[in-house]
Amino acid sequence: MPVSLNYIVKRLFWSILVLVGVIIFSYLVIILSPGDPAVKWAGNPRGVNATFAIEAARRELGLDKPLYMQVFDFVAKVLTGDLGISIAYKQPVFTILYSNLAATLELLLCSYIIVLPIGIVLGVYSALHRDELIDDVLQSFGTIMANTPAFWLAAIVFLLLVSAGSPVYGRIDTRLALETGFQSITGFYLLDSILQGNIVIFIDVLVKLIPPALIIGVYPLGLSIRLSRTLMAESLTEDFVRAAVAWGVKRGRIIWKYAFRASIPPLVQVFGLAFAYSLIDAMVVEYAVFGREGLGRLLVDALNYSDFKLAIGLLIVVTAFYLVINTVADVIQALIDPRVRL
Amino acid sequence: MANIRNNKPSISGAVKNVQKAFQTKTGFVAITVRAWKRSSRFKIGFVISSLIIMVGVLAPLLAPYPRDGLGYVPEDALQKIRLSPSRDHIFGTDTRGRDIFSRVVFGVRSALIQIFLVVSSSLLIGLFMGVIAAYYKGFIETLINYLIELFMSIPAIVIALALRLILGSGLLTVVLALIITWWSWYGRVTYIYSRSIVEMDYVLLAKLSGVSGLKIIYRHVIRNASPPVLVQAVTDLGSVLLEASAINFLGLGLPPDSPEWGVIMQEGIQYLSISPWISVFPGIFILVTALGFSLIGDSLREEVDPKLRRRWRLWF
């Protein structure tokens, strides 16, 4: 495919530059905010070992060097994946972050795989039935969905499920996992259980995964219902659709092969943004309501233990995630829409 | 006879049409007025938002227990812990015996304050940065675009976490975290609109006649670029509320006992199965408020972007 490599390289370079900027920004947050940076970095230690911990943090941050050297060292450290030992977990920060990222990612991917096709089909249906009651109903539904606070909905759904006796708390039934000898390899439990042929665990994980996945999917559902209608409204009036009608192309083919195809590039871009935004929803919902492990738990623990390293690690990883998703979305868009390649 | 003459294409008619097209005002107020006339969704959104704002203003009068609303624990708290909704307490009481309805009503105020602070500050910063980038091209343009991209990619919630560890809890933490990320969106929108305006002939003419840069920026660029940005801001009012309440819900923003919807929900979440009303009612208010603003924003956007308004028919 004749995609200009130039564009992709440029896009990648720009994203890496932004990531470095974010790392520098997080370092400036540590250094320039009120209070002793070393004390913050050590997590406000108290007791006998306090002075020792603060000294260690001071050395770790290299506070005796000139500022540009500190920044350079910090960026180099983060890019090589070394952010010190987390106070809350007593493990390297990036190790904890990666092991928890998989849990959140599994939830997020599952949510989008379920919700997006539904939302797009509903949106296209709505566009085809414009000015009918069903169109208004679907669009109002979409608006309400896009404005629902996920954590509120999560609380209600959780309440209903628990009172119905459904085991939705947590990510996996630990006792069941022990009994069946389930082991996590990739961190994606659904994948792991399939690989190990462990049906019992697969069902257990799926049952616990679906409710939060659907709740996180509420925002993209509303968005896709509204967006795909707008985009279809635009492409259905284009001349190529009219030409296709004149040629006698079948209705379904016109809709999906011609009209919908034209609206894929903007959809990809918006869903790239929405996917990154949903990560936040996932972090809010997964631990605070459903008690699942994942980045949300790290967020709460970083707060409870005033673990500044973990907080900065989260900032960098979540931002990197956002950048990766958006870069991928942009590259995909360039692959399918020749107008973007500049 | 008159009919026939009117149907004839005449030069004066064409001139009138052109004049009419130019008279279609594109200012923010004009857009709002047109949206009011054209869209029932705008009216619904307007009614909802005005009601919410009125509740916020009249909170001390509406709340049956104003002191509870402000977060004070009543003296007879022990008898009133987690009462279910009744005539005395329409929304029930919370874990410390406070009337939920009063707290929720006072919560309107904190919601509006957060929204207003975040949107207005981000709007100012974003407008400024976007216009500067578009007008003074070159290195400044690249730098500002880089900053916009940078702050766009950091989610507010993780900044809120870092700020919470530095500054402690409070209004400043939420608002600052949201502003740090939010201005970049307005910066981007302003930049995109201003860049096309800067290329216009009248800007060139103004430059040639020696009008100073700041004056051109104020008179020509900002005035023409601001309506779409303002519309974007109105559309965002609801999302700011959603994100702010999520931050507060996680305990990253306002301190416990504050009359804020996210905070109230957080306090109720541990008792969800015993007394669900604590968490459920504030959420309804968040939803309704966000919905009201978003209805207004959507119909305003239709006015700015006529493509969204176009009626069409299928060819099959």
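Me: How many other C-beta atoms lie within 10 Å of Ser306(A), and how is that count read?
Reply: Ser306(A) has 18 other C-beta atoms within 10 Å. A residue is buried at 20 or more such atoms and exposed at 12 or fewer, so with 18 Ser306(A) is partly exposed. Keep in mind that this is a predicted model.

Me: Where does Ser306(A) lie?
Reply: Ser306(A) is in a loop of chain A, between helix H15 (295-304) and helix H16 (308-336). Its backbone has a feature to note: phi is near 40°, which is a positive value in a residue other than glycine.

Me: Which loop holds Asp131(A), and what is its phi?
Reply: The loop is the one between helix H5 (93-128) and helix H6 (133-146) of chain A. Asp131(A) is not glycine, and its phi is positive, near 65°.

Me: Is Asp131(A) buried or exposed?
Reply: Use the count again. Within 10 Å of Asp131(A) there are 9 other C-beta atoms, so Asp131(A) is exposed.

Me: And Ala57(A), buried or exposed?
Reply: Ala57(A) is buried, because 22 other C-beta atoms lie within 10 Å. Its place is in helix H3 (residues 50-61) of chain A.

Me: Which residues does Ala57(A) touch, leaving out those up to four places away in sequence?
Reply: Ala57(A) touches Ala38(A), Trp41(A) and Ala42(A). Take Trp41(A) as the example: 16 residues separate it from Ala57(A) in sequence, while their C-alpha atoms are 6.0 Å apart in space.

Me: What does chain A look like as a whole?
Reply: Start with secondary structure: chain A has 16 helices and zero strands. Its C-alpha atoms fill a box of roughly 80 × 55 × 40 Å along the principal axes. Of the 342 residues in chain A, 43% are buried. Then look at contacts. Among those in chain A with a separation of 6 or more, 73% join residues 24 or more positions apart.

Me: How do I read the packing of two helices, say H7(A) and H10(A)?
Reply: Take the angle and the distance between the axes. Helix H7 (residues 150-163) and helix H10 (residues 199-216) of chain A have axes 9 Å apart and pack at an angle of about 150°. That makes H7(A) roughly antiparallel to H10(A), since the label applies to angles over 145 degrees. The crossing of H7(A) past H10(A) is right-handed.

Me: Which residues make that contact?
Reply: H7(A) brings Ala150(A), Leu153(A), Ala154(A), Val157(A) and Leu161(A), and H10(A) brings Pro211(A), Pro212(A), Ile215(A) and Ile216(A). By class, the contact of H7(A) with H10(A) has nine nonpolar residues, no polar and no charged.

Me: At what angle do H6(A) and H11(A) pack?
Reply: The angle between H6(A) and helix H11 (residues 218-236) of chain A is about 140°, and the axes are 7 Å apart. That makes H6(A) oblique to H11(A). This crossing is left-handed. Residues in the contact include Phe141(A) and Met145(A) of H6(A), and Leu221(A) and Arg226(A) of H11(A). The classes are nine nonpolar, four polar and two charged.

Me: Now the second chain. How many residues does each chain give to the contact between them?
Reply: Chain A gives 51 residues and chain B gives 42. On the chain B side, elements giving two or more residues include H8, helix H12 (213-249) and helix H14 (277-304) of chain B. H14(B) supplies the largest share of that side, nine residues. By class, the side of chain B that touches chain A has 31 nonpolar, eight polar and three charged residues.

Me: How do helix H1 of chain A and helix H8 of chain B cross?
Reply: The axes of H1 (residues 5-32) of chain A and H8 (residues 138-152) of chain B come within 9 Å and cross at roughly 70°. That makes H1(A) roughly perpendicular to H8(B). Val18(A), Gly21(A), Val22(A) and Phe25(A) meet Tyr146(B), Glu149(B) and Leu150(B) there.

Me: What confidence does the predictor report?
Reply: For the complex, ipTM is 0.88 and pTM is 0.88. Chain B has a mean pLDDT of 85, with 89% of its residues at 70 or more.

Key. Residues numbered from 1 in each chain as written. Chains lettered and ligands numbered in written order. Predicted model: local features only at pLDDT ≥ 70, side-chain atom pairs only at ≥ 80, totals over all residues. Axes fitted to C-alpha atoms, helices over the stretch in contact; angles between N-to-C directions. Helix = DSSP H or I, 4+ residues; strand = E, 2+ residues; numbered from the N terminus. Parallel < 35°, antiparallel > 145°, perpendicular 65-115°, else oblique. Contact = placed C-beta atoms within 7 Å. Nonpolar A, V, L, I, M, F, W, Y, C, P; charged D, E, K, R; others polar. Left-handed = near helix turned anticlockwise from the far one by under 90°. pLDDT = per-residue confidence, 0-100.
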